Amino acid sequence: MVVTELQQHIAAGAMYDSAERCDAPKCHPGTRVAVQDELVDWIEHGDDEDPKRIVWVTGPAGGGKTAIMGSAAQTCQRKGLLACSFFFSSFTGSTNRRYKKCLVATLAYQLVQHNALWDVGEHILSCIERDPAIFEKQVEVQFYQLVLQPLKGLQMDTGTPKVILIDGLDECQAEEPGGVSRSPQEAARANETDQTEILHALLKAANDPSFPFRIIIASRPEPAIQSFFTDIAHHTTKTIFLGDKYNPDADMHLFLEAKFEVIRRRCRLSAPWPSDDVKRALVKNASGQFIYVATAIRFIEGSSGPPQELLDQVMALDLQDFSTNPFALLDALYTHILNSSPRPLLAVCWISTLFRSTGALSDASGKPLPARFTQLFLESSPGESYFVFRGLSSLISTPPADDHISPYSLFHKSLTDFLGDRSRCQHLYVDDPNELYTTRYLQI
C-alpha cells in the first residue's frame, strides 16, 4: 500500500502526541496562559492589522518553548485546529527527529490521517504512487508536491484545521556524509544550511495564496534563524519573544507553589514551607529560565535527602558573574547535582555517550536502544549504572528495573549544552563523547 511507503519515511516520534513524547514538557496548569492564548487567538482569528502567516516563537534556552508548543498543540488538537506538527529533538528520542529528511513526509502523513482532509490525503498518496523517489528530493520540492499542491482548492470551513506547528528548528542537524566526520565549524554551517532550507520551503508555502494554513515555528534565536526572520521573512512573520511581557516570574511562582505543596503533603511538612522569601529568591535566580526552577524542584523532591536539606543546598550555590555567563546559576545547579553522583566524571561519560555522541547507542532506524541494553554494554561491573546515576534523577529519566524496552531520556537539552562547553562545565568536561563507547566496544 502507498500509505505504508509513506509511513516508512516518517519520524513517528516527532508528532506531538507520539508515545515517544509522553514525558515531554508541557505547561503546568495555570502557567504560560498569556502566550498560549495569544497563539490560539492568532490561529483562530489572525491579526487585525498587517496580517502575518507565520509566527516565530523564540527566546533563550530553558525559557519553556517546547512546553508551550506542546500545550498549544494539545489545545489545537482539542479544538480541531491542528493540521500537523513536528517536534525536532537533537538529544532524546529517535535520531530521525534530528534531521530534515523526515520532516515533510511526517507532515504529509498526518494530513493523510486527518479526518477532515480525506480528499487531500488521496492527492498525497497519488503523488507518492506517481513518484516514489519524492522523499529523496529537496525539502522545497517535497513540500510543494506532498503538502502545498494537494491542499490547493481546499475549502476552509469550521471543521477544517488551521495550523502547522514546528518546534525546535534549531535542533535540526545535518546528516554526516558516510564515513566523513565534520569539524564543529563545518557541522554548524551544515546545520544552518538545512535549517534555512526548511525555512525557505515554509516561507514559500506561506506566501502562496492557495496555502490554507498558518505556521508556528519555535526555536532559539540562533544567528542563521534570526537572520532569516529579520532579513528575509519579516513581512510574513510575527515574532513572539518569551520575555518579561509574558510575566514568566509569576508563572514560575505559581509552579513553585504547586510543587512545594505536593512536597509538603508527601513529607508531612507544616505550612508555610518554604517561606515566600525563598520562593522569590528561586524565581529571581531563574532569570526567566523555567528549566532552572523545574530542575531545582526535581532535585528537591528526589529521595537523596530531606527536602529542607536539599533546598538549602540549592540556595547555597555560588553565583558567578552573569556578565560573562547568563546561565551561571543554572550551571552551578547542574554542577552541584552531577557532583552528587558517587563518580561524577564517570556519570558525565555515561551521559555524553548517551546524549552527545552521534547514534552510538541507537538501532538501525535511529531509535535509542533500551536502557537495559545500554547498562549491559557500558557497565564495567554489574550494577554500575545504578551507582553512577544515583542522585541524578532530576536530570535523567531511568526506566524501572522491569522495563526492558524504554531508553534513558534527558529532561532538557540545556544539560548537553552545558556539558559540551568546557568554559561552563569546567572540571566535568569530556573532550570525546565517544570515548567510553569505544573503550567498551574494544573490550568486548
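**Entry 1: strand β1**

I began with β1, where both faces are covered: Ile54, Trp56 and Thr58 on one side and Val55 and Val57 on the other are all buried. Buried here means under 20% relative accessible area, with exposed over 50% and partly exposed in between, for a 1.4 Å probe and protein chains only. In a regular strand the side chains alternate between the two faces of the sheet. Strands (E, at least two residues) and helices (H or I, at least four) are DSSP runs, numbered from the N terminus.

I noted the provenance next: this is a predicted model, local features need pLDDT of at least 70, side-chain atom pairs count only at pLDDT 80 or more, and totals for chains, interfaces and linings use all residues. Residues are numbered from 1 along each chain as its sequence is written, and side-chain values use heavy atoms, with hydrogens and water left out.

Which strands pair with β1? I found β4 (residues 214-219), parallel to β1 and joined to it by 5 bridges. Thr58 has Ser219 as its bridge partner in β4. I also found β5 (residues 237-241), again parallel to β1, over 5 bridges. There, Val57 stands opposite Ile240. Two strands pair if DSSP finds at least two bridges between them.

**Entry 2: the cores**

I then looked up the nonpolar cores, meaning sets of buried Ala, Val, Leu, Ile, Met, Phe, Trp, Tyr and Cys residues joined through side-chain atoms within 4.5 Å. The largest has 58 residues, and Phe260, Tyr292, Leu338, Phe389 and Leu415 touch the most other members. Helices that each supply at least two residues to this core include α9 (248-267), α11 (290-300), α13 (328-339) and α17 (414-419). α11 gives the most, with 9 residues.

I checked Tyr292 by contact (heavy atoms within 4.5 Å). Leaving aside neighbours within four places in sequence, Tyr292 is in contact with Leu282, Asn285, Ala286, Val314, Leu329, Leu330 and Leu333. Apart from this core lies another of 54 residues, among them Ile54, Cys84, Phe143 and Ala206.

**Entry 3: cavities**

How many cavities of 30 Å³ or more does the structure hold? I count 2. On a 1 Å grid over the protein atoms alone, a cavity is a set of points where a 1.4 Å probe fits but cannot get out; lining residues have an atom within 4 Å of a point. Points are joined across faces, edges and corners, and a volume is the space filled by probe spheres set on them.

The largest cavity holds about 160 Å³. Its lining has 18 residues, with Leu354, Phe355, Leu361, Ser362 and Pro368 closest to the centre. α14 provides the largest share of that lining, 3 residues.

The second largest cavity has a volume of about 40 Å³. Among its lining residues I listed Ile291, Thr295, Arg298, Tyr334 and Leu415. Here α11 provides the largest share, 3 residues.

**Entry 4: a pocket**

Last, I looked at the second largest pocket, of about 1,400 Å³. A pocket is an open set of points with protein on both sides within 12 Å along at least five of seven lines. Of its 42 lining residues, Gln173, Pro184, Ala187, Asn191 and Arg356 lie nearest the centre. α7 (184-206) and α17 are the elements that give two or more residues to this lining. α7 gives the most, with 6 residues.
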